[in-house]
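Good morning, colleagues. Please turn to the sequence and the model on the screen; I shall take you through them step by step.

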There are 2 protein chains.
Amino acid sequence: MGDLKLPSLDPTSDRPVFKQIADHLRAAIESKALTPGEKLPSESQLIGHYEVARMTVRHALQILQSEGLTVAQHGKGVFVRPRPPVRRLASDRFARQHREQGKAAFIAETEGVGAKPSVDSITIKEEKPSQDIALRLGLSDADRVVVRARRYLIDGHPVETATSYIPASIARNTRIAEPNSGPGGIYARLEELGHRLDHFTEEIRARMPLRDEARALRLAPGVPVFHLVRTAYDQAGRAVEVCDTVMSSDAYVLSYELPAQ
Amino acid sequence: MGDLKLPSLDPTSDRPVFKQIADHLRAAIESKALTPGEKLPSESQLIGHYEVARMTVRHALQILQSEGLTVAQHGKGVFVRPRPPVRRLASDRFARQHREQGKAAFIAETEGVGAKPSVDSITIKEEKPSQDIALRLGLSDADRVVVRARRYLIDGHPVETATSYIPASIARNTRIAEPNSGPGGIYARLEELGHRLDHFTEEIRARMPLRDEARALRLAPGVPVFHLVRTAYDQAGRAVEVCDTVMSSDAYVLSYELPAQ
DNA sequence: CAGTGGTCTAGACCACGCG
DNA sequence: GCGTGGTCTAGACCACTGG
C-alpha cells in the first residue's frame with residue numbers, strides 16, 4: 001500500500017473534505033490502483049496525508065463501506081472487498097431433466113462449478129399461512145401450510161436462505177414434511193404425488209438486508225440482497241409451492257430467457 | 001412524533017450505544033410505530049432522551065440511512081423513507097403483440113398503471129464496442145456498434161437508465177440511429193430490417209450504485225440498483241442488440257416465468 | 001429568528017491481531 | 001507492545017427550512 005498516490009485536497013472546492021477523501025480512495029479502487037483484497041492506507045496514514053481529524057477520515061471510509069467497496073477488519077485494516085465467486089442461475093434450472101438425475105437444484109448447479117454445496121438450519125413446521133402466501137397458493141382461511149426453511153452454503157459460506165410453503169393438504173405426512181425430502185428434492189416429491197409441474201413464476205426485488213438476514217448470510221455492510229419469490233404450478237394450474245428466498249447479491253447472477261411472443 | 005415511545009439504553013449490554021439506538025428506531029419503523037413519510041425524533045430529542053453525545057445519535061441515524069430505512073432532509077428532519085410506487089415488469093413485456101400496437105415497451109407498461117412516462121438524455125453515437133459487448137454480440141475486432149443511451153422517468157422521477165448496443169452493420173443509416181426511433185421502438189425497426197426477433201436473455205445483478213448512477217437516478221442513500229443486461233436474438237440465432245440497464249431497485253419488481261421442462 | 005441536520009476538530013479509552 | 005480499527009465525548013461553526 002505504500003506506493004499508492006493520493007491527490008491533495010482541493011481547498012477551493014465546495015465538496016466536503018470527507019467526500020473528497022472518499023472520492024480519491026474510490027477512484028483508486030475503480031482504477032485498480034487498489035485491487036480486491038488489498039489494504040487501504042490506515043487511518044493514521046490518511047490523517048497524516050490529508051492533515052485532518054480522525055473522524056473526518058473515518059467518515060470517508062464509512063462512505064466506501066456503505067457503498068460495498070471496502071470491508072474493515074478490526075486490528076488489521078481496511079481492505080478492498082474481495083469479490084466472491086458468482087453463481088449463475090439459468091432459467092432452466094428447474095427443468096425436469098435435471099431433477100430426474102436425483103439431485104435438488106442447488107446441489108446440481110453448484111457441483112457443476114467445482115464448489116462444495118451444503119445445506120443447514122433445516123426446520124419444518126405446519127402453520128397458518130400469512131395473507132400473502134395464502135393468496136399466492138390460492139388457499140382459504142382454514143387452510144394450513146407446511147413450512148420448510150433452510151440455508152444454503154457454498155464452501156461453508158452462506159449464500160441463500162429459503163423458505164418453502166406447501167399446502168398442508170398436499171404435504172402433510174409425506175416426505176416433504178421430513179428434513180430429508182429425498183432424491184430430487186420436494187419438486188420430485190410433488191410430481192410423485194400427482195402434481196406434475198407445469199411452470200414457475202419468479203418475482204425479484206433487490207433491497208438492503210434486514211438485520212437478521214445480514215447475520216444469517218454473514219453479509220458485509222453495503223451488500224444488498226435479492227429477494228426472490230417463486231411459485232410452482234402443476235399442470236392443473238394449481239399453485240403447489242411458494243418459495244421465498246433471500247440471496248446475497250454478490251454471490252448471484254440471475255439469468256432468464258424471454259420469448260419474443 | 002411526540003408520542004413515540006423509545007426504550008432506555010441497557011447499560012449491562014455489550015451492544016454499543018449507537019447500535020442500541022439504531023435498534024430502537026429500526027424496531028419502531030418495522031413495527032409501523034413510525035410510518036413511511038413520518039418524521040423521526042430530532043437529533044436534539046434523541047440526545048435528550050438517551051443522554052449521549054450528538055455524534056452517537058448521528059451514528060445511529062446513519063446506520064438506518066445506510067440500510068435504506070430513512071432519508072435525512074437538511075433543515076427539516078429525518079424521515080422514514082417513503083416507498084415509491086413499484087413497476088412490475090412481466091416476462092412477456094417484449095412480446096410482439098405489445099410492440100405491434102406502436103408503443104415501445106416502457107411507454108406501454110407505464111401508461112397501464114396511470115403514471116406519466118417520459119424519456120430524456122437521449123444520445124446516439126457509433127463506436128468500437130467493449131470486449132464484453134463484442135462478445136455478447138458475436139462481433140469481431142473491426143466491427144463497430146451504434147450506441148443509444150437514454151433515461152426513463154415516471155411522473156418526472158428517473159427510474160432507469162438504458163444503453164443499447166446494435167451492430168453498426170445493422171443500424172447505421174437507419175432510424176435506429178435517429179433520436180426518435182419511431183413507433184414500437186428499436187425492436188420494431190429491427191424486425192422491419194428483416195431481423196425477426198426470436199427470444200431475449202436477461203442477466204440480473206444487484207449492487208450498490210456507482211456515484212454517477214446514484215446521481216442520474218437521484219437515489220437515496222441505501223438504495224441498491226438492479227443491473228440488467230438483455231440480449232435480443234433474431235430467428236437466425238444472431239444477437240442483434242445488447243441493452244445494458246441500471247434500475248432503481250425500489251421502483252421495480254421483476255417477474256419471470258420459467259418452464260418446468 | 002429558532003430548530004434542524006451537515007461538517008469538522010481534538011481529544012479519550014477500548015478491543016482486536018500479530019509479532 | 002504497538003498499530004489497527006471501534007466507540008464515545010464535548011464542543012465549534014455552517015447551511016438549510018420554516019414561521
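How many helices and how many strands does chain A have? Chain A has nine helices and ten strands. Please bear in mind throughout that this is a predicted model.

Let me begin with the division of the chain. Chain A falls into two parts: domain 1 covers 17-80, and domain 2 covers 87-254. Taken over C-alpha atoms, the centres of domain 1 of chain A and domain 2 of chain A are separated by 38 Å.

I turn next to overall dimensions. Along its principal axes, the C-alpha trace of chain A spans about 70 × 45 × 40 Å.

What share of the residues of chain A counts as buried? Of its 261 residues, 48% do, where buried means under 20% relative accessible area. As for the surface, the accessible area of chain A comes to about 12800 Å², and carbon and sulfur atoms account for 51% of that. Within the chain, consider contacts between residues at least 6 apart in sequence: 60% of these join residues at least 24 apart.

Now to the two copies.

I close with one residue, taken in each chain. Arg218(A) is not a glycine, yet it has a positive phi of about 50°. Where does Arg218(A) sit? Its place is the loop of chain A between helix 9 (211-216) and strand 8 (225-234). Is Arg218(A) buried or exposed? Its relative accessibility is 55%, so Arg218(A) counts as exposed, the cut-off being over 50%.

In chain B, Arg218(B) also has a positive phi, of about 45°, although it is not a glycine. Arg218(B) lies in the loop between helix 9 (211-216) and strand 8 (225-234) of chain B. With a relative accessible area of 56%, Arg218(B) is exposed.

Thank you for your attention.

Definitions and conventions. Residues numbered from 1 in each chain as written. Chains lettered and ligands numbered in written order. Predicted model: local features only at pLDDT ≥ 70, side-chain atom pairs only at ≥ 80, totals over all residues. Heavy atoms only, no water. Domains from an automatic or database assignment. Helix = DSSP H or I, 4+ residues; strand = E, 2+ residues; numbered from the N terminus. Buried < 20%, exposed > 50% of the residue type's maximum accessible area, 1.4 Å probe, protein only. Contact = heavy atoms within 4.5 Å. Areas by Shrake-Rupley, 256 points an atom, 1.4 Å probe, with all protein chains shown as cover.
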